[in-house]
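Please read the notes below alongside the sequence and the structure.

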Amino acid sequence: MEKGTILEVKNLKVYYKTIAGDAKVVDDVTFSVYHGEIFGIAGESGCGKSTLVEGVYRIVKPPGYIAGGEVLFEGVDLLKLSEEEMRDIRWKKMAYIPQGAMSSLNPVLRVEEQMIDAILDHSNISKEEALEIAKKSLSELGLPEAVLRMYPHELSGGMKQRVIIATAYALRPDLIIADEPVTALDVVSTREVLQTLRELRDKYGATVMLVAHDMAVHAEIDDRLAVMYAGKVIEIGSVTDIFYDPLHPYTKGLIDSIPSIAKKKLIRGIPGIAPSPLNWPSGCRFHPRCPYARDICKAEEPELKEVKPGHLVACHLYGGD
Amino acid sequence: MGDAPLLELRNVTKIFRGGGPYGGKEFKAVDEVTFSMPSEPSILALVGESGSGKTTIANMILGFLEPDGGDIYFKGESISSWLKNRPSEFRRKVQAIFQDPYEIYNPVYRIDRLLKITVKKFNLATSEAEATELIRNALEALELRPQDVLGRYPHQLSGGERQRLMLARILLLKPELTVADEPVSMLDVSLRAVFLNYLEEFKKKYGISCLYITHDFNTAYYIADRAVVLNLGKVVEIGSMEEIIHKPLHPYTQTLISSIPIPDPKSRWEERLELRRLELKEIRPEKGCPFVLRCTHAMKKCEEVKPSLVDVGGGHMVACHLYGG
């Protein structure tokens, strides 16, 4: 275990059983997240990014199952823990905000009850203490206590998401995993939620894992990010590496496909379509869409290798073999 | 009326009344909205956050909803008149572009049959041979191979193919205006680019104008010529896309533009945004400016008097008391 690493995912496989065989949604994924960083996971729909974090948090539901690998969190392999032991980790040490969490708030309960329930569920303290924790957490994230007395429908989407983050952060976990936290939010709310996540790190030293399909979100707050394609991590690097020196042809295509108000340029998109997890292409899974594909790309799967300090890519164009 | 604007909204208002046993409150989803699109081919972005009334406006233009006040004109004639006198012609000339084209096709019809129904319904061809020719041309313009597509069912096509098929159908009809409500928000970026490029090609090559409705300034900036910015049912600013992005005048537009995430790690938001302490859902000022509660320049007048749209030069219009509205 490297110094400063909070989470190390090794060869993680999360498959789904289907009548047509196993869908290898997350297939042999390896990466590390360092203490106190904001680590992004990028990729288009169906690439496995949500399933990956469900695997890390160990909440994959049947017909999905973890088919192999290790998830070392603060040195402990979560996949070897009992369900009891895992409960001690969840929320207290590692919190997870699922996609669409803000619409999962109970509409007939006040925010107060929902926050207290969540806190009590994961700690042995009194209700009064839990209320104090809830208040503190809200105020740290710039929300007034008045929110506690409100019902979810009274709050805007951005406010709800910030309440969710305050709840997730109430017990001061070391790692917060947020899956698409700003999807479906308005522009200004998006900015507020991203700023809130950044403050968890800047002010309180939390480590944040941010899953998002929108590359602009990653550009805004990530320190490093991993790009996924077809169940694999195909590139990892600093945010500047990924945006200014993308190596994988898929990452290049992705970066070139984003329209921006900062500059007007022709965007092209990536020809072809994303493959199905039931039938990933042979060799490099991107080869049918890749403009640089050679014979080796069809035959051999490229390994994720460090080609520059801190910049890893899984592509036969690099590494000289 | 050769020079009439392609589309014109004059003081269009739409009021929804809440349901429930005790009768609901009135809710002005669209409040005296006025804007127009020129007769020459153009792409106009209608930009607003959720609750801005943009989808309600789209539904009124397509004739699915009737305005409660004001009127909408297509080529100088009101939409209610079009629908009364020449509904089929109106339906051909004004087409909606959908986000997920999967749901609009009858799943048990093959693609050739689906497209032939369109040709027949709108009398686009006089013979079977001509119909086939039209369909082939439309498919090829969207880079679909007729022999690959025609014999298949909608579910056998990929997401990207279905999307192009829908655009091919639009091309078959050659409408004068398309209304595209968030057409790309659910699409992956790699498909998004292709879609936006086709909308642009439709305008340039076939003279098809588009009302592009979105919350996303990044894509709007990419394809639109002009933009109308909505806030809580009211128009706050109208201008060329360049001016709206680079010289926004209304404090609301300025707030939106400064909060757009830029896909470039070297241009991050510099200053910290003062987080809103409490933002309730749907607080709408009863009178005055819609942005008054969030505006840092708000004056007494802004609470009382609704600012009107004034032209500050070159067709750039803003509804704000700071500019004499």
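1. A residue is called buried if 20 or more other C-beta atoms lie within 10 Å of its own, exposed if 12 or fewer, and partly exposed in between, with C-beta atoms placed from the backbone. Glu74(A) is partly exposed, because 16 other C-beta atoms lie within 10 Å. Its phi is near 50°, a positive value in a residue other than glycine. Glu74(A) sits in the loop between β4 and β5 (76-77) of chain A.

2. This is a predicted model, in which local features need pLDDT of at least 70 and side-chain atom pairs count only at pLDDT 80 or more, while totals for chains, interfaces and linings use all residues. Residues are numbered from 1 along each chain as its sequence is written, and chains are lettered from A and ligands numbered from 1 in the order in which they are written.

3. Chain A has 10 helices and 12 strands; these are DSSP runs (helices H or I, at least four residues; strands E, at least two), numbered from the N terminus. Of the 321 residues in chain A, 50% are buried. The C-alpha trace of chain A spans about 65 × 50 × 40 Å along its principal axes.

4. Pro62(A) and Pro63(A) are joined by a cis peptide bond, with omega about 10°. Pro63(A) belongs to the loop between α1 (49-56) and β4 (64-73) of chain A.

5. In chain B, Leu232(B) also deserves a look: its phi is near 45°, a positive value in a residue other than glycine. Leu232(B) lies in the loop between β9 (226-231) and β10 (234-240). Is Leu232(B) buried or exposed? Leu232(B) is buried, since 23 other C-beta atoms lie within 10 Å.
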